[in-house]
Amino acid sequence: MTNKDANKKTWEEIEELTLAPYAQKTINSQGRKFKEEEHPFRSPYQRDRDRIVYSPAFRRLEYKTQVFVSYKGDHYRTRLTHTIEVAGISRTIARTLRLNEDLTEAIALAHDIGHSPFGHSGEDTLNKLMKNDGGFNHNVQSLRIVEKLAQKYPTFSGLNLTYEVKRGLMKHKHDIRNADYEKDPNLDLKTTILEAHIADLADEIAYNSHDMDDALEYGMLTEKDLEHIAIWKETYQQIKKEFPLISKRMQRLYTIRTIIDTVVTDLLITSLKQIEKLNIQSQEDVLNSQEDIICFSPEIAQMNKELKKFLLANFYEHPAILKKKKEGQEILEFLFEIHLKDPSLFLKNPDKIQNMRRVVCDYIAGMTDRFVYQEYERLKDIG
Ligand code: MG
């Protein structure tokens with residue numbers, strides 16, 4: 001036996017010993033589109049995670065908006081810090097449920113890699129500009145980046161990730177249809193895995209809590225605004241009772257922390273109950289289950305829904321946010337049109353391009369907010 005075989009056996013053995021029978025194990029992976037030698041000491045999902053982290057698209061998340069467009073404060077979440085929070089929550093859940101932590105981490109780290117500048121408002125703008133050319137959606141774009149756009153490896157385009165990670169990036173059937181990858185049977189959503197559900201729900205846990213945190217920190221919401229929101233009200237009262245002498249700010253920060261803990265705990269307890277109730281013994285059982293396996297209790301699900309609705313109406317639609325959104329949208333439209341009109345601004349051989357609108361869209365979508373502003377300043381007088 002070579003050293004390589006010995007090490008390969010090690011991770012497969014570790015998975016066999018530590019993971020639940022319904023976890024996605026390396027040994028059952030559908031592999032990669034382009035066959036590659038296995039790495040001597042990193043499992044395929046660990047490799048996927050590293051490929052994502054070492055990609056420029058991942059590094060650009062640092063300067064992409066989560067909710068706040070301007071960088072007035074150093075403590076706002078960016079797309080990158082949001083992603084790190086999602087990965088941390090995902091790993092905690094996966095490890096506790098004995099699911100594949102490496103896989104869920106890779107999915108979490110890549111889940112927002114396709115976001116355009118200016119968050120969802122940037123996405124809406126690009127979708128409008130591309131309405132007759134296939135549209136724009138950040139989930140589809142995440143797949144486009146890892147499949148095609150990332151250029152780093154000499155023998156293939158994209159990152160050549162495992163099918164499990166790529167499937168984890170596709171949240172909806174229409175994502176796959178729009179991505180035009182439906183002919184690839186390995187991307188079939190019917191084979192959805194629990195590790196992907198975890199990353200999806202960890203995303204929701206992260207943004208509900210940190211958006212509330214950011215909005216309170218920067219005075220766009222007050223504690224009073226939240227007093228009718230059940231999850232905030234219950235936790236805040238409990239913290240005030242437990243720590244009456246600490247500062248109001250500390251009470252608020254500790255409330256946010258406690259909400260995350262409560263929601264993650266609820267998800268873990270409810271999911272374990274579901275696994276037992278539905279007698280989930282294998283991945284086959286996961287596939288055939290009529291009910292969600294990774295889920296919140298009905299009470300917490302209701303509270304999350306209420307919070308989400310509140311944030312939508314009172315924070316994401318806050319006049320200060322809307323003003324920045326509108327400004328961002330106008331700049332994106334300007335940059336899109338000017339690059340479409342003169343592709344030599346960003347391409348060496350524009351004549352060779354067949355679908356120029358898509359190429360411009362990919363280029364603009366890849367920009368950070370910071371680069372958008374820089375480019376706007378540089379190009380605004382030409383337009
Ligand atoms: Mg996200």
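Me: Is N160 buried or exposed?
Reply: Keep in mind that this is a predicted model, where local features need pLDDT of at least 70, side-chain atom pairs count only at pLDDT 80 or more, and totals for chains, interfaces and linings use all residues. Buried means under 20% relative accessible area, exposed over 50%, and partly exposed in between (1.4 Å probe, protein chains only). N160 has 2% relative accessibility, so N160 counts as buried.

Me: Which loop holds N160?
Reply: Residues are numbered from 1 along each chain as its sequence is written, while side-chain values use heavy atoms, with hydrogens and water left out. Helices (H or I, at least four residues) and strands (E, at least two) are DSSP runs numbered from the N terminus. N160 has a positive phi, near 50°, although its residue type is not glycine. Its loop lies between α7 (138-149) and α8 (163-169).

Me: What is the relative accessible area of R98?
Reply: R98 is another non-glycine residue with a positive phi, about 60°. You can find R98 in the loop between α4 (79-96) and α5 (101-110). R98 is partly exposed, because its relative accessible area is 40%.

Me: At what angle do the axes of α4 and α5 cross?
Reply: Two packed helices are described by the angle between their axes and the distance between the axes. The axes are lines fitted to C-alpha atoms, for helices over the stretch in contact, and angles run from 0 to 180 degrees between N-to-C directions. Here the axes of α4 and α5 come within 8 Å, and they cross at roughly 160°.

Me: What does that make α4 relative to α5?
Reply: Angles under 35 degrees count as roughly parallel, over 145 as roughly antiparallel, 65 to 115 as roughly perpendicular and the rest as oblique. α4 is therefore, relative to α5, roughly antiparallel.
The contact (heavy atoms within 4.5 Å) involves α4 residues including T83, V86 and S90, and α5 residues including T104 and A108. So the word to remember for α4 and α5 is roughly antiparallel.

Me: What is the relative accessible area of S90?
Reply: S90 sits in helix α4. S90 touches T104, A108, I198, A199 and A202, not counting residues up to four places away in sequence. S90 is buried because its relative accessible area is 0%.

Me: Which residues coordinate the magnesium ion?
Reply: Donors are N, O and S atoms within 2.8 Å of the metal (3.2 Å for Na, K and Ca); water is not among the atoms, so sites may look incomplete. Along the chain, the donors follow the spacing H-x28-H-D-x90-D. At 2.2 to 2.5 Å, the magnesium ion is coordinated by H82 (NE2), H111 (NE2), D112 (OD) and D203 (OD).

Me: Is H111 buried or exposed?
Reply: D112, which also coordinates the magnesium ion, is buried, with a relative accessible area of 2%. H111 has a relative accessibility of 6%, so H111 counts as buried.

Me: Which residues does E223 touch, not counting residues up to four places away in sequence?
Reply: E223 lies in the loop between α10 (194-217) and α11 (230-242). At 17% relative accessibility, E223 counts as buried. With those sequence neighbours set aside, E223 touches L216, W232, Y236, K248 and R252.

Me: How are α11 and α14 placed relative to each other?
Reply: α11 and helix α14 (residues 298-316) pack with their axes 8 Å apart, at an angle of about 105°. Where they meet, α11 brings A230, I231 and E234, and α14 brings I300, M303, N304, E306 and L307. Their angle means that α11 and α14 are, relative to each other, roughly perpendicular.

Me: How far apart are the axes of helix α15 and helix α16?
Reply: Helix α15 covers residues 319-341 and helix α16 covers residues 356-366. They pack at an angle of about 135°, which makes α15 oblique to α16. The distance between their axes is 10 Å.

Me: How far apart in space are D369 and G31, C-alpha to C-alpha?
Reply: D369 belongs to helix α17 (residues 369-379) and counts as buried, because its relative accessibility is 0%. D369 and G31 are 338 residues apart in sequence, and their C-alpha to C-alpha distance in space is 35 Å.
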